[in-house]
Amino acid sequence: MMTLEVTLALLLMAALSAAAPLLARALGRNAGYPLAAGFLAAAGVLLSRGGEVVAGAPVVEEVPWVPSIGLGLTLLLDGLSLFFGLLILVVGAAVMAYSARYLKEEGAHGRFYGMLTLFAASMLGLVLAGDVVLLFVFWELTSITSFFLIGGGGSERESKAAVRAFLITGIGGLALFAGLLLLSVAAGSADLRVILEGGEALREHALAPAAMALVLVGAFTKSAQAPFHFWLPGAMVAPTPVSTYLHAATMVKAGIYLVARLTPVFGGTAPWLYTIVLVGLVTAVMGAAIALKQHDLKALLAYSTVSQLGFIMALVGVGTFPALAAAAIHTLAHAGYKATLFMVVGIIDREAGSRDIRRLSGLRKLMPVTASITGVAALSMAGFPPLLGFVSKEEAFAAFLGAPGGDWLAPLAAALALGASIMTFAYGARIFDGAFEGPATQRLFDPKPSFYGPAALTALAGLGLGIWVSRLDPFMSRVASDALGAVGHVDLRMWHGLEPALALSALTIAAGTAAFVFRRPVGRALARIRTPVPGSAAFDRSYDGLVGIGKAVGRPFLSDAPARHLLWVLGAVATAGLAAWLARGEVPPFPAPAAEPADWAVLALLGAAILGAARTHTRIAAVALVGIAGFLVAVLYVLFGAPDLALTQLLIETLTVVLVVLVFRRLPQRFRAVARIRQLGAAAVAVTMGTLAALATYTLTGRRGLSEAGAYFLSAAPDEAGGENVVNTILVDFRALDTLGEITVLAVAALGVIALVRLAGRGRPRRTGGGGEPPA
Amino acid sequence: MSSLIVRATARGLTPVMALLSLWLLLRGHDEPGGGFIASLVAGAAVVLQYLASGVEGVRRFLPFRATTLLGIGLLVATGFGLAGLLVGAEFLEGAIWTAEVPAIGEVKVAASLIFDVGVYLVVLAVVMAIVRYLGEEAP
């Protein structure tokens, strides 16, 4: 029997996101606690299969979805997805519990909790997806929920940051989609397992290089790698729980997950190796250097996150077993200490009213618990024993030293990693020193344990996991094995003996301390280097450029004179009509005319009505005459034996006259005087169009018998659609989809009318008369 | 705009138009009529109310928002399509139901009548929206 735990976990998260707004309505900000419990329950459900996954038996669950096109909901739980899944759910639970105290007591938090839970569900779906199409759908969902979470406050600054983050990750998402499609075409299946087992044949496929480049663009944008990094610091306008969860612990790791996931396909190939390692390490060094210059703690953490993401990305790019294991363990360590630091900064911001280290001082004496939590997390970030950050950094150094590729790559990678780590140490010290040391200037206290509790737990996790790190061996080995597609074993411990990695760790601490002690000269030196942020400026330039192009394209139509718009449309129709007339082939002969005297009489009246409408000076007369013309056409329909059409025409004309009058009564009674030359021009256009229409009617109608489709509808209507009225059966049965589309358009048009009328009435006194002219 | 004569006419004519509209809707599958035309007749009744008693008259005649009607209409039409999927047919696939009604005999109904009702509601809502929003008393 097939069990469905993995599906169940995902469904549980989906149900939670639907329930979150209701919970928030009932419990206010405390809704975070039941949600945290729900997250942990989902983690428990995943863990129920954890034993066999770690033992090397991945769980695959398939739920048919749209079987007719072979689309199924395939979920895959192996070591890698279990690792990320647990990270998402456990950090998510901490963030939810933190939100319950971070958010203000009053106010509506339904949207916030709903979106945050929906994000968690999407993120979980992303790492559990066993199908690249499914993976992409969840990937986009995380971008969309991130957009709403960043821009949730609705201020201009937030909207701008949200749009920027969404555009960057959105463009990356499109590239990823193209890349994944190429990949599935090359592999012959969208199923992740088939792709991962594609092997040499897939690597050598003609589409593989393009697929790889596109996938990497997606991963780099999502994980904020240079030069796409700039959206991440901007996104820090979001509330602290969002920054903690999305922009430090989980969403930005999606790119890392993706690159790790696809390692069996591309890992070890030269372009993959060099691109990811170099982009990652350049990002790591650049992010750390910018972080050193920040005064706002949150901005500092943002650039630190960019730097750490680069560090992990480079490890995944190295793609050897030790490197992948180091990437996993560093991801874990980073999620722990960075989530802690973000939460602590949120606490400081709430309690002290500032995040600027130039204004904060002496908090160690005032908020000893908060200071201790920060200290533990900062030490882990800096890579101090016995914290998890030390183990992960040492594993990372060893992995960089063992990087494959050209002889120069391993030393270069290790040197860049060392540089980034030294700066990380320095800004870690700076966070602590800036906020907690010095004389106390404010009257402050530690917040209630319920507020700092989640941060304390994540900080302690970094300590506990560091001390008992060898307990993680089986799990981390499985994660790296499943990422690599080959079994290996990792031996995690504090003390590996006197190895090169230990020397690098020692060097990090020594040089980092020196950089901190001499922070003034270092700061001055850094200030002289202009921070390269070409990404941001280039983005703004191309954004403005695109908007400019849009404006230029739209300018000819930016007019409320109907004639301007009509001219384009009619001109196009006339050109096409003329071309069709010139290119017409052999047409069947025109049948003998069947007109009767009565027809001619109606036509004569019709002509008179139209001529009158064209020549009248008052709007009401024009509307009435056009209406009369419409009624006369209805009479023609009756004479030609089309009662359906006649009925419709009569009703439409009636309503049109009334509705047009509704608009016209706001306008002056008489038309504005128009220059003679324009009248002649309009007449010329009208006569041309009329002639063309007549020619088209003459050429196209009555020259052939019943069409095949017509015959089919006539014969099939009674039996298949159960109706004798063929027109109606076509509308509601044979072509019901068309009709559905049409009524949707109608509905949108009605909404447009409502919106326009409402907007016109808002913000300024009601219009008097039409277009500024005196009222009629 | 309103006068006693128009108001009296509207009062007499409106029930007739409503019946006519219903009749056109029900018979539309076999004879001239159908949701669109029937809805236009109902729309004409709305306009008549407007001419007789202004926007207030329309509000009394159909005491709900145009957008509500719009939503219901679209829901009915798409719901009909989705119901087809639920019973194992295609999206928007039709069916013919026959039932034995005492005293009348066998009655045949096409399932697409439900779809037609959706069309009816949407078109009526559009007319209603235009009359209500453009018909507000101009200065």
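**Notebook: cores, a helix and a cavity**

I began with Tyr113(A) and listed its contacts, leaving out residues up to four places away in sequence. Tyr113(A) touches Ala20(A), Ala24(A), Gly28(A), Arg29(A), Ala31(A), Gly32(A), Leu35(A), Met96(A), Ser99(A), Ala100(A) and Leu103(A). I note that the model is predicted.

**Entry on the cores**

I next looked up which residues touch the most other members of the largest nonpolar core. They are Tyr113(A), Tyr245(A), Phe400(A) and Met476(A), in a core of 201 residues. I found that α17(A) gives the most to this core, with 21 residues. A second, separate core has 54 residues. Among its members I recorded Val732(A) from chain A and Met17(B), Leu24(B) and Ala45(B) from chain B. As background, I wrote down that nonpolar side chains tend to be buried together in soluble globular proteins.

**Entry on helix α17(A)**

I then turned to α17(A) itself. How far apart are its end C-alpha atoms? They are 45 Å apart. At 1.5 Å a residue, the 32 residues of α17(A) should span 46 Å, so the two values agree. I also checked how covered the helix is: 28 of the 32 residues of α17(A) are buried. Just after α17(A), Gly353(A) takes a positive phi of about 80°.

**Entry on the cavities**

I counted four cavities of 30 Å³ or more. The largest cavity holds about 80 Å³ of space. Which helices of chain A each supply at least two residues of its lining? They are α4 (79–102), α13 (254–261), α17 (321–352) and α23 (473–484). The largest share of this lining, four residues, comes from α17(A).

I listed the lining residues of the largest cavity as Leu80(A), Phe83(A), Phe84(A), Ile256(A), Ala260(A), Val316(A), Leu324(A), Ala327(A), Ala328(A), Thr331(A), Val479(A) and Ala483(A). By class, the lining has 11 nonpolar residues, one polar residue and no charged residues.

**Entry on Thr331(A)**

Is Thr331(A) buried or exposed? Its relative accessible area is 1%. The cut-off for buried is under 20%, so Thr331(A) counts as buried.

Leaving aside neighbours within four places in sequence, I found Thr331(A) in contact with Phe83(A), Phe84(A), Leu87(A), Lys253(A) and Ile312(A).

Notes
Residues numbered from 1 in each chain as written. Chains lettered and ligands numbered in written order. Predicted model: local features only at pLDDT ≥ 70, side-chain atom pairs only at ≥ 80, totals over all residues. Heavy atoms only, no water. 1 Å grid on protein atoms, 1.4 Å probe; cavity = no way out; pocket = protein on both sides within 12 Å on 5 of 7 lines; lining within 4 Å. Points joined across faces, edges and corners; volume = space filled by probe spheres on them. Nonpolar A, V, L, I, M, F, W, Y, C, P; charged D, E, K, R; others polar. Expected span 1.5 Å × (residues − 1). Buried < 20%, exposed > 50% of the residue type's maximum accessible area, 1.4 Å probe, protein only. Contact = heavy atoms within 4.5 Å. Core = buried A, V, L, I, M, F, W, Y, C linked by side-chain atoms within 4.5 Å.
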